[in-house]
Amino acid sequence: MTDFGLAFMRRRPCAGISVRQLRMTGRGDLLATGFSTDFHPAKIHYIEAPNGAGKSSLLSCLAGLDSPGSGTIDVQGAGIATDDPAALLAWLPPHDDFPLPVSVIDVVLAGRWRFHRGSPAASDITAAIDCLRSLGIAELSALSVDSLSTGQRRRVNLARVFAQDADVLLLDEPFSGLDEVAKRRVDDCLNWIADLGRTVIVARPR
Amino acid sequence: MTPELPRRDAATTWILALLAGATFTLCLMSGVSGELLEFNRDVITNFRLPRTTLALVSGGLLGVAGALTQNLFRNPLASPSILGVEAGGSLAVTALLVAGAQPHFAPAGALGGATAALLFILVFSRKSSVILGGLALTTAAGSIGSLLLSLALSDPGRSGQILQWLMGSLAGRGWGDLGRALPMALAGLVIMWRAGPALDTMLLGSRVARTVGLDVTRMTRVAVASVALLTAAAITGGGLLPFTGLVAPHLGRAMTGRNLLPIKTRHLCVRSFALGAMLVMISDLIARTAAAPRELETGVITGVIGGPFFLWCIYRDQLREKSGAIHD
Amino acid sequence: MNSYFNKIIKNNKLILTTSLALTIAVFCVTYYNQRINKQTGCPTAENVPPVRIASTSLASDELLARILKEAGQPDRLVAVSTLADNPAYSHLAGTLDATRARIGDNLESIAALKPDLVVFANFNRPAITSALGRMATRTCWLENFSSLADIHRNTLMLGDAIGLPGPARVIADHFIADIRAAEQATNILIAQGRDPDEAKRPRVLSFDGSGTVMAAGTTFDDLVALSGGINAATAAGMTGWPRITAEAVAGMAPEVIVLLTDTRTKEDLVGSLEVTPGWRDTPAVKNRRYVAPRPADLLALSPEVLSVIPSMRAAFLTGGGT
C-alpha cells in the first residue's frame, strides 16, 4: 500500500469503544431504542442511515459533546490514558463552519493543540503539512478557509482530525462535497490510518 | 528541516503602531489655544498630555476588548458592550450622582459598577450563556438608570453631569484618571496576551475546540474576564466611547493583504489597540477644537465617526462577498 | 522577586485580584491626595494683588465687574463665564467686549491667558475646576449662595482677594443700606394696612413650570420676606429647590405666585397654572395674583437682586399683580 506520508502516526495498539443501550429521545430512529455495538481498533466502521436518523447525534455523544439520555459508552482500552479525551477521540463535525477568516495551516495546527498548547513546534508544523499533503491539498496551506470551496474545506477539517493523532476518529460525513477523485483519496487515507491501528468510525448517508 | 510557514502580515501592524504614535504627537500639538502645531509648553503638559494619553489608552483598551469579543463570539459585529460591563458602570455612576455625590467620585462609581458587572458575568457564565447575562444586565441597568435619571430631572446641574458622563467626556481628565485605570488595563492586556493562541483555536467553534483538548468553558471565562477588565479600565479612565470596540477590530482584520495569512488574535489585538487609540484621539481633538469655546463630548464624536464608518465597512464587505469568494 | 512576579503572571485569578486591589489602592491614594490638596476659601491678596483675574461663574462675574468698575480697573477681568453674555440671566450682557475670554468648556484658551487668580464657585463642573485649578497661581472659592447675607459676604471676600477692599466695602455697605430701606418701606406699608387682625403678609410660592419651588436657604426666600410675603414652601419646612406634588401645593394655598420667566413666557406659565391640578385651585390662580420679575434680577447673586423688591411688594401688599 502507498505510503501517505503521515510519518508522525505510528502503528500502535489503540483503544476501541463499546456502546451499550445508548438512547437519546427525539434524535432519530438510531438512538430511539437503545443502540449497542462495538467499535474495534484497526478497522473502519461505516454507519449508514438516512438523513435525520441520528448519526450526528451518535457521533457527538461518542465525542463527549452531548450526553445521552441513558446507556453507556466504554473505552476498551489498550493502556490509553483516558483522562485526556483529546488523545482518545478526534471529531469531524458534519458541517464546516468558519465565520471568521482563519488560515488553513492554523486550522490543521489547531488539531495538534494537545501537543503544542499554542506554541507550535517544527514537528507540529511538519505533521500539519503532511496531513494536508496526504489529502492532496498541501498547496492550500497559506490560504484563508473562506476562500476555499466546500470540498476543500472538508478536507482541511479532515486534515485537522488526522493531525490530532487520536486513537478513535469520529468522522461525520467526511465525503460530503467531494468529487470522485477526492473521495477515493480520502478512502485510501482512511484505510491507511486504520491499518496503523486506529479505530475509524464513519457516518454517511444512505 | 523546519518548514517555512507562509509570511504573516507584521508590516501592517507596525505601520499602524507608528501611525498611532504620529497621531498622538499631532494631537499634542493641536488645539484651540494657538495655531496648529504651535508649541506652548504649559498648555501641552497640563492639558493635552494627560488628556491625549488617556484618549490613547482608553481607545486602545476598547479596541482590544472589541477584538477579543469578536473572536470569542466568532462574530465580526460583536462589541464589548454586549457583556454589560459598560451598562453596569453607567448605572453606578448615575446612581452615585443622583444620590448627591460629588462628580469627582464618578470614576469610583464607574469602577465599582464595572467590577460588579464583571463578577456577575463570570458567575453567570458558569451556568448559562454569557450573551444572555450581558443582555439581562444591559436591559436592567438601562431601565434602572433611566428611573434614577428621571429622579434627577428637576436638578438640571446634576442631570447635566450625568448626561455628560454618559456621553463620554474627556474634559478635565488628568493623570489621576490614567493611574486609576492602569492596573486593570495591564491585567486585561496580560490575560489577553496569554489567551491569544487558545482563542485562535476557539475560532473553529466551541465543539471542535473541545474535542482537540481545549477547556472551552475555562477559556471563555478567561476571555470574558479580560474583556471586562479592559472595558472597566477604559470607562474608569475615559467614560463611554461607543463604537470604538466595534470599528477598530473590524478594520484591523480587514487590513490584510490578499496573499497573506489572516492574522492571529494577538496581532489583531495590537492592531485594534492602535486603531482604537487613533479613533479616540482624533475624536477628542475634534471634540475640543470643532466648536470652540464650547466643548463637545468625545463619546458623541466617536459615535458620529464610527457609526457611518461601520456601515460603510459592512457595505464594502458585502460587495466583496458578492464578487470575490469561490463557492461550490 | 522575579519568580514571584512570574507566578502572578502565570495565574489568571491572581492577575485579576491583584489588579483589583491595586486599582482600589490607586483610588484611595488619588482621592486622599485630592482631599488634602483641595483648596477652599478665598485668601486675601497679599502684597501684590492679582493682575489678571478669571471668573468661572456668573455670580463672581457680576460681583467682580462691579467692584472693578467702582475702582476704575475693569480690564483686570480677563475671562468670564459664558453665561455672562446671556441677557436672560446676566446684567453684563452686551457690556463685555468679545476680546475678553469666555470660560465655556474649552480651557486651553484660558490657560494660555495665564490668569493670576481664578475665582471658582462650588457648583462649577469638576472638569473646569480640576483643570484650571492645576495651573492657576491663586484660587478663590465661593461656596455660599443661599441668602442675601451670602451675597454681602461674597462681595467682601472678593474685594479682599483682588486687593480692593475699599471699593468692595462701598458696594457692600450700599447693599445693606438698600436692604434696610426696603425693609422699612415694607413695614410701613404693612402697618398702614386696614384691619390688624387680618393676616397681612400673603403666602407666596414660586413657579417655573416644572413643579420645582424655591424654599428656605435661597435668596428668593429672603426677597419674599423683605417684600412682605411669607414663603409657603419655607413655612412647610422645605429647603433648597424641592419638587412638590400637586397635593402639597393645594395644602399650601398660596395667595400670590411669583413666576420665573427665564425659560417660558408669562402667558405660557399662566396658561399652565390654570390647567395643572393642585395649582389651579389655589387662591393665587383663582384671583389671578401673579408677579413676574425679570429673571436676571430674581436669580441674580449680586446686589442687582434687590431691584425685584418694589414690584413684588406691590403685588403682595397692595393687592396688585395681574
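Helix H10 of chain B has these buried residues: Thr244(B), Gly245(B), Leu246(B), Val247(B), Ala248(B), Pro249(B), His250(B), Leu251(B), Gly252(B) and Arg253(B). The helix spans residues 244-254, and ten of its eleven residues are buried, so it is largely enclosed by the rest of the structure. The model is predicted. Two pairs of chains are in contact, and chains B and C share the most contacts. Chain A and chain C do not touch.

**How the chains meet**

- Of the two pairs of chains in contact, the pair with the most contacts is B and C.
- Chains A and C stay apart, with 14 Å between their nearest C-alpha atoms.

**Chain A: overall build**

- Chain A contains seven helices and seven strands.
- Read from the N terminus, its elements follow the order β-β-β-α-β-α-β-α-α-α-α-β-α-β.
- Its radius of gyration is 16 Å, close to the 17 Å that the globule rule gives for 206 residues, so chain A is as compact as a globular protein of that length.
- Along the principal axes, the C-alpha atoms of chain A fill a box of roughly 45 × 35 × 35 Å.
- Buried residues make up 56% of the 206 in chain A.
- Take the contacts in chain A between residues at least 6 apart in sequence: 76% of them join residues at least 24 apart.
- Chain A carries 22 positive and 24 negative charges, and their mean positions are 2 Å apart.

**Chain A: helix H1**

- Helix H1 of chain A covers residues 55-62 and is mostly covered, with seven of its eight residues buried.
- Its buried residues are Lys55(A), Ser57(A), Leu58(A), Leu59(A), Ser60(A), Cys61(A) and Leu62(A).

- Most residues other than glycine have a negative phi.
- Ala42(A) is not a glycine, yet its phi is positive, at about 60 degrees.
- Ala42(A) lies in the loop between strand S2 (35-39) and strand S3 (43-49) of chain A.
- With a relative accessible area of 44%, Ala42(A) is partly exposed.
- Arg117(A) also has a positive phi, near 50 degrees, and is a residue other than glycine.
- Arg117(A) sits in the loop between helix H4 (113-116) and helix H5 (122-134) of chain A.
- Arg117(A) is partly exposed, and its relative accessible area is 48%.

**Chain B: a loop glycine**

- Gly100(B) is in the loop between helix H3 (85-98) and helix H4 (106-127) of chain B.
- A relative accessible area of 36% makes Gly100(B) partly exposed.
- Gly100(B) and Gly134(B) are 34 residues apart along the chain, and 28 Å separates their C-alpha atoms.

**Chain C: overall build**

- Chain C has 14 helices and nine strands.
- Of its 322 residues, 48% count as buried.
- For contacts in chain C between residues at least 6 apart in sequence, 66% join residues at least 24 apart.
- Chain C exposes about 15,200 Å², of which carbon and sulfur atoms supply 56%.

**Chain C: Lys10 and helix H1**

- Lys10(C) belongs to helix H1 of chain C, residues 2-10.
- Lys10(C) counts as exposed because its relative accessibility is 64% and the cut-off is over 50%.
- Lys10(C) and Asn47(C) are 37 residues apart along the chain, with their C-alpha atoms separated by 61 Å.

- Ser302(C) is located in the loop between helix H13 (295-298) and helix H14 (309-317) of chain C.
- The relative accessible area of Ser302(C) is 1%, under the 20% cut-off, so this serine counts as buried.
- Leaving aside residues up to four places away in sequence, Ser302(C) touches Glu62(C), Leu63(C) and Ile151(C).
- With Glu62(C), Ser302(C) makes a polar contact between side chains, at 2.7 Å.

Notes: Residues numbered from 1 in each chain as written. Chains lettered and ligands numbered in written order. Predicted model: local features only at pLDDT ≥ 70, side-chain atom pairs only at ≥ 80, totals over all residues. Heavy atoms only, no water. Helix = DSSP H or I, 4+ residues; strand = E, 2+ residues; numbered from the N terminus. Rg over C-alpha atoms; globule rule 2.2 N^0.38 Å. Buried < 20%, exposed > 50% of the residue type's maximum accessible area, 1.4 Å probe, protein only. Contact = heavy atoms within 4.5 Å. Lys, Arg positive; Asp, Glu negative; His and termini not counted. Charge placed at Lys NZ, Arg CZ, Asp CG, Glu CD. Polar contact = N/O pair within 3.5 Å; in protein donor to acceptor, adjacent residues only side chain to side chain. Areas by Shrake-Rupley, 256 points an atom, 1.4 Å probe, with all protein chains shown as cover.
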